[in-house]
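The following questions and answers concern a single protein chain.

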Amino acid sequence: MKNSNIMIDSDFQDRIKQFQDLIDQSNHIVFFWWAGVSTESWVPDFRSKDWLYNQHDVQFEKYQPEYLLSHSCLYNEPKVFFEYYRQKMDCRWVKPNITHKKLAQLEKVWKLSAVITQNIDWLHQKAWSKNVLEIHWTTQIVYCDECGKEFDPDILFTFKWDIPYCDCGWMLRPDVTFYEEQLPQKAWMDAVIALRNSDLFIIWWTSLTVYPANTLIQYYGWNKIVIINRDTTSQDRFADILFHENLWKVFGELKF
Ligand SMILES: [Zn+2]
């Protein structure tokens, strides 16, 4: 038993060494994920916050999670939408983790050309990354759909009524791409260009068969791919180096 543990550890160290070499040799790295980097940062502490919200009469159980973050819910049942948003999407106090910091460092030494993310929590920017392509936009911009005026994102949490309104009387919304909405064209095109020019593609926690990853991957020249995922996926065979570990464990070992 002891021997097999040593084997696993030495194998992990071998792969870290290969990964480190690959990073050292690469100058146009692109990092992409579905989710997960941020969830390692998030403190799912909704229970302690419930006292703020449990006086409200919205019951989420009767809705599908996708509906609660959809265009239909935002415009047809804004009270439900904003109640859910305030409870589940409040990332104002979440701090970047080691992966965000390491990626920012890689960019600083001119090795990383872009982070493509579907996360909306602004954690890369908090870690001082510059080229963050948010293909679902971000919670950090709030605007009026009618007159275009922008507001501090805090307003969605501090507004005194159920639904936040602009001075012009129209409803505010976060600049996030919700279900049923189009992905932002500019971020998407920038992601395609970054991928076409990249020499190392690092993918975290996504299935390459699911949109938009399956579309994005077509633009990559299949140079080198590192896949990091907690579970086995059908795409593992595409990886030059494969990790079935948590991201923090892998990135915590890298030096740059
Ligand atoms: Zn307005």
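A residue is called buried when its relative accessible area is under 20%, exposed when that area is over 50%, and partly exposed in between. The model is predicted.

Q: How many residues does the chain have, and what percentage of them count as buried?
A: The accessible surface of the chain comes to about 13,700 Å², and 55% of this surface belongs to carbon and sulfur atoms. The chain has 256 residues, and the share that counts as buried is 50%.

Q: What is the mean pLDDT of the chain?
A: Of the residues in the chain, 83% reach a pLDDT of 70 or more, and the mean is 82. Over residues 1–6, however, the pLDDT is below 50, and this stretch has zero contacts in the model beyond near neighbours in sequence. Where pLDDT is low, the predicted coordinates should not be read in detail. For the chain, the mean pLDDT is 82.

Q: How many helices and how many strands are in the chain?
A: Among contacts between residues at least 6 apart in sequence, 68% join residues at least 24 apart. The chain contains eleven helices and nine strands.

Q: Is strand 1 mostly covered or mostly uncovered, and which residues lie on each side?
A: Five of the five residues of strand 1 (residues 29–33) are buried, and the strand is mostly covered. Both faces are covered, and the buried residues are Ile29, Phe31 and Trp33 on one side and Val30 and Phe32 on the other.

Q: Which residue of strand 7 is the bridge partner of valine 30?
A: Strand 1 runs parallel to strand 2 (residues 112–117), and five bridges join the two. In that pairing, isoleucine 29 stands opposite leucine 112. Strand 1 is also joined by five bridges to strand 7 (residues 200–204), again in parallel. In strand 7, the partner of valine 30 is phenylalanine 201.

Q: Why is helix 5 largely enclosed by the rest of the structure, and which of its residues are buried?
A: Helix 5 spans residues 78–88, and it is largely enclosed because nine of its eleven residues are buried. The buried residues are Pro78, Val80, Phe81, Phe82, Glu83, Tyr84, Tyr85, Arg86 and Gln87.

Q: The side chain of arginine 86 has a polar atom 2.8 Å from the backbone oxygen of which residue?
A: Arginine 86 lies in helix 5. Its relative accessible area is 7%, so arginine 86 is buried. The backbone oxygen that lies 2.8 Å from a polar atom of its side chain belongs to aspartate 162.

Q: Which residue caps the N-terminal end of helix 6?
A: Helix 6 covers residues 98–108, and its buried residues include Thr99, His100 and Leu103. After the helix comes tryptophan 110, whose phi is positive, near 65 degrees. At the N-terminal end, a side-chain oxygen lies 2.9 Å from the backbone nitrogen of threonine 99, and the capping residue that supplies this oxygen is asparagine 97.

Q: Which strands stand at the edges of the open sheet of three strands?
A: The three strands of this open sheet follow the order 5-4-6, with antiparallel pairing. Each edge strand has a single partner strand, so one side of each is left without a neighbour in the sheet; these are strand 5 (150–151) and strand 6 (172–176).

Q: Which residues does isoleucine 155 touch, not counting residues up to four places away in sequence?
A: Isoleucine 155 is found in helix 8 (residues 155–158). With a relative accessibility of 17%, isoleucine 155 counts as buried because the cut-off is 20%. The residues that isoleucine 155 touches are Val142 and Leu172.

Q: How many disulfides are counted?
A: Cysteine 91 counts as buried because its relative accessibility is 3%. Cysteine 147, at 45%, counts as partly exposed. A disulfide requires a pair of cysteine sulfur atoms within 2.5 Å. By this rule, the number of disulfides is zero.

Conventions
Residues are numbered from 1 along each chain as its sequence is written. This is a predicted model: local features need pLDDT of at least 70, side-chain atom pairs count only at pLDDT 80 or more; totals for chains, interfaces and linings use all residues. Side-chain values use heavy atoms; hydrogens and water are left out. Buried means under 20% relative accessible area, exposed over 50%, partly exposed in between (1.4 Å probe, protein chains only). Helices (H or I, at least four residues) and strands (E, at least two) are DSSP runs, numbered from the N terminus. Two strands pair if DSSP finds at least two bridges between them. pLDDT is the predictor's confidence in each residue, from 0 to 100. Contact means heavy atoms within 4.5 Å. Accessible areas come from the Shrake-Rupley method with a 1.4 Å probe; for residues, only the protein chains shown count as cover. A polar contact is a pair of N or O atoms within 3.5 Å; within protein, one must be able to donate a hydrogen and the other to accept it, and residues adjacent in sequence count only if both atoms are side-chain atoms.
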